[in-house]
Structure formats: C-alpha cells, structure tokens
Amino acid sequence: MKIGKNFTTKFIITLCALAFAFYSIFAPGAFAQQKNSEKKKSNASTSQYMQLINTIFGFVMQNYVDEVDPETLYSGALKGMMESLDDPYTQYLDSASMRGLTDTTVGEFGGVGLSITKPLVSTPEKPAYVEVSSPIEGGPGFKAGIQAGDFITAINGTATPDITMDEVLKMLRGKVGETVNVTIKRGKNMVFDVALTREIIEVPTVKFGTIFQSSKKIGYIKIIEFTPLTPEKVQQALDSFGNDYEGIVIDLRNNPGGLITSVRDVADKFIDDGTIVYTKNRNGEIEQLFSASKENTTVKENVPIIVLINKGSASASEILSGALKDHKKAYLIGERSYGKGSVQQLFPLYNNDGVKITIARYYTPSDVNIDKIGIPPDREVKLIELSENEEKIYVDLVNDDAISKYVESHPNMKESEIDRGAKELGAKYALNQRFLRRLLRMEVYRTKDPMLYDLDFDTQLVEALKTLTSEDFSQLVESTLTLKELQDAAILEEDLLSETKR
C-alpha cells in the first residue's frame, strides 16, 4: 500500500512530537493537585502514551528520509494537541502571536484594530470564517464601519476558512501604512470588500464624560477593554463627575473582555459587599473567589446605574454586567451579550512562544455560567437593522465608496451639512436617514478623535438616559431577576413545554 508523503509526514510529526511538547510545558509537579483516584486510573495509560510518543519522536529524528528540525516537530505537535481539545480559546501561540497577545493586553501594535475569533473546524455547512468580536474603537476597522458579528471571508483574496488563526493574524498585522483588503459578510446577503490601512493601534481602556439630560447630570463611562490600567481610568472618570451626578451609564458594548483582576477591581468600585465572580475547575471545585470590599467602593450609595451591552460584550465585560445585575446594582439595556464564560491561563515557553489553555469557568454571584449563552438585557433595544433590500443598497453604497467621496468633496462638514448630505445620498441610496447621517458622521471624524457618543443614532444610549431621568429606578431594578432566577425560569419553561408535548 502506498501512503502519500504529506499524510505520512503530518501524521508522524504530530504524533511523535507530542512527547517533546508535553515535557516542554509540564513539569512533574504540574499535576500534584490531582486526586489520587484520578492518578491511579490515568497513570498507566498516560505513561504508555508518553513512552510511545517519545519512542516515535526519537525514531523519526534518526530515520526520517529528510533531516528533521525538532522545533518544527515541536510547534506542529503543540498545535495538534491544542486543536484536539476543540476549544477555540485553547491555542498554541508562536512567538509572533505571543507578542501580539501582549501588545493587545498592555501595549500597542500595527494592525487593523479588530478583535477576532476563528473556529478550529471548517465544514461546507459552516465555514471557519473569521468572526469579528469587536472593532477596537478608533482603529481602521472601526472607522470603516466593521461591526461585531461581521465575518471576514477573505483577506487579500485568500479565503479565511482555508488558513489558520496564526496566518490570519500575520496577514492582518504588519507594516504600518500598508493596505489590507478584507471581504466582509454581514447578515444573509451583505458581502462587500473593505480596504483597511494598518495603523499603530494603541490599546484603549476607558473614555468618559458627562451628559446633561432633563436638567440631570449623568456620568458616562465607556470601558473599551479591561487592562491593568482600566481600574485607575474608571476612578478618574468617577472623580471627574464630582459629587452632583445623578446617574451613571457604563457602556460595555463591543468590549471583548480582558483581565479578570482588572474587572474585579472595577466591580469593587460599585459593589460594597459580597461575591463579584468566582471560578470552578474541572472537578466543579471553587478555585478563585473574588469578593467586594466596602473600603474599595467609591461610587455613591444608591446611585442609579445603567449598563449597555450587545453581542460584542464578552468575557470580563460579562463578569461586570453579571455582578452588577445579580447584586441589583444596575439595569441592563441593549442586546444579549456574547457568552464567553471560561478562563484562560497563558503558559510562556522557553523560546518566546507559549500556550493559552482554558483552566476554569467563571460564575456570576448567583451561581450561573454564561458560556455560549450570554447575558440577556433587562430591556432589549436594538440599533437600526437593515431590511433585505436595504442590505443590497448598503452594499452598493460601500462599493461605490459614496460616503468617503461625499465627505471628501465637502470638507469640514457641520451637523447641518451632514443632515443635508444624508438627504442627498438618500435620493440615490434609499436607506434610513439616521443611518446615513451616522455613516457620514463617522467618516467626518475618521481622521479626528472619535465622538464619545452619538445621540442622533445611538437609540440604546438614548433609552438609557430616558430610563435614568424619567423612571423610578429603584423600583425598576428591584423588579429584575438575577441570572440564576432567569436560568431557573427558562428550565421550568422548557420542562413545561416538554410535558405539554408528551
């Protein structure tokens, strides 16, 4: 029987290098906390596999027809090991990816400003497109109007289902000033190309300001990502509001998450007692418990708080949303959040690479894990949604580059001119006027600092302000259900539906 060289090489490389990867990552003491019963069950088979892999590794190194670089076997094996767990958040990270992860957490980098994910498995029914978790505010992707939930189907003409996440990152990141062409799929019918020019992406943390609504002073805090600097920036925002503010809007939309210690410190400013979040390991045991302390609380007692969430709100932003909701400290407005309830730990390795492994799941104060479920808002408010016909018109608008051409021909546009421009464009492109004004406004501010908020377009923020100024907030928030109560109600409803069918 003749076996193809590619198949043989990939098989042997992946199998034999597992031992090398295994010994590189884990010291013998790494499993010291496993229960004795688990050790007895697994030690025999584990040692056999390790011995087998080690034997094949040595055999390939000595007998393969071409000289083999052990580092190639090592990286290939780690990729295979991580991918076999079928967890998109457990990954092998080469040195470039490790550097990129560090950049997005604490520094800056050259790229297109998109937080993305990618499934490990691609099928004809569900291609492994790159999904945009959230655009980084102020980055090229944000300025181009790319949204959370968009799919990148191709980069520079290369179909994304056919390449790895590492290859995706290498294509999106690179020399500042160069252009990257991406094909965007949005909804069922919208497919269009966008040219993104790489910029230095400074990882943002917090933006804030005050909004005066119905003679009330409302503090507005937009938390863009949870980095080590976020708690300090949030405190700066709270201090800037003074003592006369009558409500707070915490905007977590398109916040992809970040550090659990960062979100703990932020939540502690709003919650004076009790659990903020805790994590459970593979055995269902609590590993870490983060609690609030009154001495760290800096927000005025009983101040009304609205939290804005959407499908781009993930991980740490869901921890903050869940904690404030379960403690009945805030009212949630917007759309259901993303649903990432797992905790990853980064293990740096000897040659500047590493692995990121899911080690636990986190739970809200009412004992709910929201992984793959998300957090529903207390009041659902959607932004403008395009009809099927409007989606086709929008694609024409993008392909014609109509927005940038109009703004280029009308420099230094004011609000009245933006309104007139929307009407002129609307004569050819029959789209919602508010939506067209938003597109023009974003293009006008593309080369400036982004607007802190847009009350003309942002119906979710408008609803938040209306709620804070015209409703009995204490009664409103007390009427909400905790995430556990919502979960129990959903289970009960499902059981009743099953009984009815039977």
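**Close-up 1. Helix α14 lies across the sheet.** In this predicted model, α14 is made up of residues 459-470 and spans β10, β11, β12, β15, β16 and β19. Take β15 as the reference strand, and α14 runs at about 165° to it.

**Close-up 2. Six strands line up as an open sheet.** Read across, the order goes β10-β11-β12-β15-β16-β19, and the pairing is mixed. At the edges you'll find β10 (206-213) and β19 (379-380). Each has a single partner strand, so one side of each has no neighbour in the sheet. Helix α7 (residues 230-240) also packs here, touching β10, β11 (216-223) and β12 (247-251). The direction of α7 makes about 25° with that of β10.

**Close-up 3. Zooming in on the β15 and β16 pair.** These two strands run parallel, with 4 bridges joining them. To pick out a bridge in this view, look for I309, whose partner in β16 is G334.

**Close-up 4. N302 has a positive phi without being a glycine.** The backbone phi of N302 comes out at about 65°. Look for N302 in the loop that links β14 (286-292) with β15 (305-309). Is N302 buried or exposed? With a relative accessibility of 70%, N302 counts as exposed, since the cut-off for that label is over 50%.

**Close-up 5. K328 is another non-glycine residue with positive phi.** For K328 the phi value is about 55°. K328 sits in the loop between α9 (316-326) and β16 (331-334). Its relative accessible area is 23%, so K328 is partly exposed; buried would need under 20%.

Note on methods
Residues numbered from 1 in each chain as written. Predicted model: local features only at pLDDT ≥ 70, side-chain atom pairs only at ≥ 80, totals over all residues. Heavy atoms only, no water. Buried < 20%, exposed > 50% of the residue type's maximum accessible area, 1.4 Å probe, protein only. Pairing = 2+ DSSP bridges. Contact = heavy atoms within 4.5 Å. Axes fitted to C-alpha atoms, helices over the stretch in contact; angles between N-to-C directions.
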